[in-house]
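Here is a short briefing to keep beside the sequence and the 3D view. Please have both open as you read.

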Amino acid sequence: MEIEFSEAPRSFPPETLEEIARTWNANAVGHHAFFPWTGELLARQLTDRNGAAVGRFVLARTGHGDLIGFAHVNQIREDGYPSAGDVEVLLVDSGYRKRGIGTGLLERAVALAKGFRPAPGFIDALGAWPFGYGFTGMVDGSERSGVFLREEAAYRLFRRNGFEPVRPSLVMRVDLSRVTPRPLPPGTGFYIAKRTENTWLDRVFRQRTLWDHELVRTDRRILSWAIFGFMEELSRQEGRAIFSVFGVNTPKDMQGKGYAGINISHMLDHIRGLGADQAELHVYADNTPALALYRGLGFTVVAETMMMHRRLE
């Protein structure tokens, strides 16, 4: 069977985005963790606030023009770090796997990454988000997509194409009925509000609620800050309300004082008050202080993911 690979137009026509969304949903029904895709939602993720395309898309079609796979590769540039590429999405229709299409998409995604300017030194593949080539059962009976475990097709595919495993990550969950808020230090309180920033996370979850949860002093000094959001699709699948912790940060001069644990324990209590039964998060397996913190709050590991990367010449 003839397969045609092409780069999606930079302008992302609505019909192309809807086609990509339909292909994703057809292959991820009952599996993806957060929400069903729509062309509108993809547009939020793949365009910046000025409407310019973010990253590049590779499409795989049959000779009849049917979309059967796609890959999204993005460029990451942060102060103090070298430029890198990132394979954020790689999906092949379930009826066309084991035909080399995944390799074809990945090869072309890497070629596009090599053309980014400034030239990236390496290209990453992250397994912690619900984008991916295979679907993985978790030890608690639920499922995720894009989780790079060693026995999974995604892991083998990336390994065959020169990617090396470099940093494992863990999915952790907590039963909110067992969370006890920790005592507040004198002269502190909380600031809780819906997010108004325009990061990639906010673009993806536009029209869905994300909150900032900050432990602050009366002089408005932030002692610890976190983001959490409602896992709408996962909650629907499992028949219970589940929230996710998307980020936790403590200023360097405030670390080691227990502020993160205080903030997170009250944040989890707040989430429970919103009707949630469980919360989950992702943490790097080598982040020993964070693991100790989360385990002390009652989180337990339910799955392992893997960051992989390939150096670019």
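The notes below go from the overall build to single residues.

This is a predicted model, in which local features need pLDDT of at least 70, side-chain atom pairs count only at pLDDT 80 or more, and totals for chains, interfaces and linings use all residues. Residues are numbered from 1 along each chain as its sequence is written, and side-chain values use heavy atoms, with hydrogens and water left out.

**Overall build**

- The protein chain holds eight helices and 14 strands; these are DSSP runs numbered from the N terminus, with helices being H or I of at least four residues and strands being E of at least two.
- Of the 313 residues in the protein chain, 52% are buried. Here buried means under 20% relative accessible area, exposed means over 50%, and partly exposed is in between, using a 1.4 Å probe and protein chains only.
- Among contacts with a separation of 6 or more, 68% are between residues 24 or more positions apart; a contact means heavy atoms within 4.5 Å.
- The accessible surface of the protein chain is about 14,900 Å², and carbon and sulfur atoms hold 48% of it. Such areas come from the Shrake-Rupley method with a 1.4 Å probe, and for residues only the protein chains shown count as cover.

**Nonpolar cores**

- The largest nonpolar core has 25 residues, and those with the most contacts inside it are V73, L90, L105, I123, F158, F163 and M308. A nonpolar core is a set of buried Ala, Val, Leu, Ile, Met, Phe, Trp, Tyr and Cys residues joined through side-chain atoms within 4.5 Å.
- At least two residues of this core come from each of β2, β3, β4, α3, β5, α4 (153-160) and β14 (300-311), and α3 gives the largest share, with seven residues.
- Another core, of 24 residues, lies apart from that one and includes F228, V245, L281 and L297.

**Aromatic pairs**

- The whole structure has four aromatic pairs. Rings of Phe, Tyr and Trp (its six-membered ring) pair if their centres lie within 6.5 Å; planes under 30 degrees apart count as stacked, over 60 as edge-to-face and the rest as tilted.
- One of these pairs is F57 with F70, a tilted pair at 5.7 Å centre to centre with 55 degrees between the planes.
- Y294 and F299 are edge-to-face, because their planes stand at 65 degrees, with ring centres 5.8 Å apart. Y294 is buried at 9% relative accessibility, and F299 is buried at 2%.

**Salt bridges**

- Side chains of opposite charge can pair when their charged atoms come close.
- The chain has eight salt bridges, each being a side-chain nitrogen of Lys or Arg within 4 Å of a carboxyl oxygen of Asp or Glu.
- R56 and E7 meet at 2.3 Å, N to O, and their pair links strand β2 with strand β1 (residues 3-7), 49 residues apart. R56 is buried at 15%, whereas E7 is partly exposed at 34%.
- E280 and R173 meet at 3.0 Å, N to O, linking strand β13 (residues 278-284) with strand β8 (residues 164-175), 107 residues apart. E280 is buried at 1%, and R173 is buried at 4%.
- D269 and R272 meet at 2.4 Å, N to O; both lie in helix α7, three residues apart, about one turn of the helix.

**A buried asparagine**

- N263 sits in helix α7 (residues 259-273) and is buried, with a relative accessible area of 0%.
- Its side chain makes a polar contact of 2.7 Å with that of H213 and one of 3.3 Å with that of S224. A polar contact is a pair of N or O atoms within 3.5 Å; within protein, one must be able to donate a hydrogen and the other to accept it, and residues adjacent in sequence count only if both atoms are side-chain atoms.

**Backbone points**

- The peptide bond from R117 to P118 is cis, with omega near 5 degrees, and P118 lies in the loop between α3 (101-114) and β5 (122-125).
- K98, not a glycine, has a positive phi of about 65 degrees, and K98 is exposed at 84% relative accessibility.
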